[in-house]
Amino acid sequence: MVVLLFLACSTKPQAIKYGFDSCHFCRMTIVDKIHAAEIVTKKGKVFKFDAVECMINYNKEINDETVAKYLTNHYENPEELIDATKASFFVSESVPSPMGEFLTAFKAKTEAERVRVEKEGEIYSWEEILNRLNQ
């Protein structure tokens, strides 16, 4: 019984089924393998999003204390989920995202800076992108 309870409350992310799963916030089908995101609650519930901006907008509707993980896909390795709170975010019209915020996550700031040399844009931390989108 204890094992079942532990498994039921796992805070492990779930793989996104591209072309099948829909965004919990905007209801669009998740197809973009670079920009998808997830919230995993402390009770193990997973909410999937087609873009980081949908995850941030949905986050306004829930208690932050219930969240175990904020996860995002990233530019260098599409489909891989990383900790969004440690990611760097690049905003550039040269790199479109599903919801039109032109917001792309990077695992390392150095990678975001490398892309910024090629494409004009701004780099933000998790806290900075939250502030930018919550204005």
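A salt bridge here is a side-chain nitrogen of Lys or Arg within 4 Å of a carboxyl oxygen of Asp or Glu. With that in hand, look at K107 and E80 in this predicted model: the two form a salt bridge, with the closest N and O atoms 3.5 Å apart. This pair links distant parts of the chain, since K107 sits in the loop between β6 (103–106) and α3 (109–118) while E80 belongs to the loop between β3 and β4, 27 residues apart. K107 counts as partly exposed at 49% relative accessibility, and E80 is partly exposed too, at 26%.

On the accessibility side, E79 comes out partly exposed at 42%, and K33 is partly exposed at 39%.

R114 and E111 meet through their side chains in a salt bridge of 2.9 Å, N to O. Both are in helix α3, 3 residues apart, or about one turn of the helix. R114 has a relative accessible area of 40%, which makes it partly exposed, and E111 at 25% is partly exposed as well. Over the whole model, the count comes to 5 salt bridges.

Let's move on to the strands. Is strand β1 enclosed or open? All of β1 (residues 37–41) is buried, 5 of 5 residues, so the strand is largely enclosed by the rest of the structure. In a regular strand, side chains alternate between the two faces of the sheet. Here, A37, I39 and T41 point one way, E38 and V40 point the other way, and all of them are buried.

Strand β2 (residues 46–49) runs antiparallel to β1 and is joined to it by 4 bridges. Strand β3 (residues 67–72) also pairs with β1 in the antiparallel sense, over 5 bridges. I39 is a handy reference point: it stands opposite F47 in β2 and opposite Y70 in β3. Finally, the hairpin of β1 and β2 has 4 residues between the strands, and G44 there takes a positive phi near 95°.

Terms used. Residues numbered from 1 in each chain as written. Predicted model: local features only at pLDDT ≥ 70, side-chain atom pairs only at ≥ 80, totals over all residues. Heavy atoms only, no water. Buried < 20%, exposed > 50% of the residue type's maximum accessible area, 1.4 Å probe, protein only. Helix = DSSP H or I, 4+ residues; strand = E, 2+ residues; numbered from the N terminus. Pairing = 2+ DSSP bridges.
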